[in-house]
Amino acid sequence: MSKITAAITAVGSYVPEDVLSNKMLESMVETNDEWITTRTGIKERRILKDPTKGTSYLGIQAAKNLIEKKNLDPAEIDLVLFATATPDMPVASTAVYTATQIGAVNAFAYDLQAACSSFLYGMSTASAYIASGKYKKVLLIGADKMSSIIDYTDRATCIIFGDGGGAVLFEPNTEGYGLQDEYLRSDGIGREFLKIEAGGSIMPASQKTIDERLHYVHQDGKTVFKFAVSNMADVSAKIMERNQLTSNDVNWLVAHQANKRIIDATAKRMEIEQEKVLINIERYGNTTSATLPLLLADFEQQFKKGDNLVFASFGGGFTWGSIYLKWAYNS
């Protein structure tokens, strides 16, 4: 019996219509377009402005886009994984609601949270379910409504993040395509440097936490940047070394879109030419769990069957890792 690997067989995406440009941010906080572009590579980001719509809306739209493109019967989906740092609400799973809304009536579902590495970790999880032989179709969604947790008076964070959603379908493959290897890491030292202090079990919501604006993302930018640059580059080089891949063997670097300088440092460490580095940060900013699937959706038409893709991510916690995947179809 041939070995079962988990291959991506379809992708979908969704970004809100409303654009928040660098120019618009200049009227909100003390910053300017040149400063933001030079330090992050971001020119604009998308914002889901409707206060009645949460992260599930972004995920549902991305899933529907995939279902339509694939001509997939959602009743055939076995499992829905929802990678997100901004669930609709505590306790009630965003994945479960999303599965019901898209008609995945035979699927079980749950959320997965590892900050900006959520989707990468989700790829590992989806792959394991497929490789077990018990499941045939696993839908992995990555979506975040980051605007719901960003303080737009804090120039350190409001320039970085945007809203968006993406989705991929994993199915069994016996031809050797799909997920080949993974190297995933984490370190709790990062808890102090990138967090939302209030709203959890340590510091429940109160009038005091609201008044002190403790329900927004706080980031020690210099520390996070330092860890991200070294760790994302290290795991990407490690996955290449472990699989005896040279820079010529890698067709595409699919890196988390947090900062153009971090992506460039990762590519340099891997000795990957710039034309192999997928970039869309200038249009979306950091959409957290959505960055990787949005890249796949934006560049899907360029992928060829057998292409070697190296994924890399770094997120709060800290969480980080790299995945080596062989693309399974011609778009």
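Modeller: About 530 Å³ of space lies in the second largest pocket of this predicted model. A pocket here is an open set of points on a 1 Å grid over the protein atoms alone, where a 1.4 Å probe fits, with protein on both sides within 12 Å along at least five of seven lines; the volume is the space filled by probe spheres set on the points, which are joined across faces, edges and corners. The lining has 26 residues, and Ile160, Gln219, Gly221, Phe225 and Asn259 are the closest to the centre; a lining residue has an atom within 4 Å of a point. Two or more lining residues come from each of α2 (33-40), α6 (155-158), α8 (221-242), α9 (260-270) and β12 (308-315), these being DSSP runs numbered from the N terminus (helices H or I, at least four residues; strands E, at least two). The largest share, six residues, is given by α8. By class, 14 lining residues are nonpolar, eight polar and four charged, where Ala, Val, Leu, Ile, Met, Phe, Trp, Tyr, Cys and Pro count as nonpolar, Asp, Glu, Lys and Arg as charged, and the others, Gly among them, as polar.

α9 lies across β11 and β12, with contact meaning heavy atoms within 4.5 Å. β12 belongs to an open sheet of four strands, in the order β8-β13-β12-β11 with mixed pairing; strands pair if DSSP finds at least two bridges between them.

Residues are numbered from 1 along each chain as its sequence is written, and side-chain values use heavy atoms, without hydrogens and water. As the model is predicted, local features need pLDDT of at least 70 and side-chain atom pairs count only at pLDDT 80 or more, while totals for chains, interfaces and linings use all residues.

Notes: Axes are lines fitted to C-alpha atoms, for helices over the stretch in contact, and angles run from 0 to 180 degrees between N-to-C directions.
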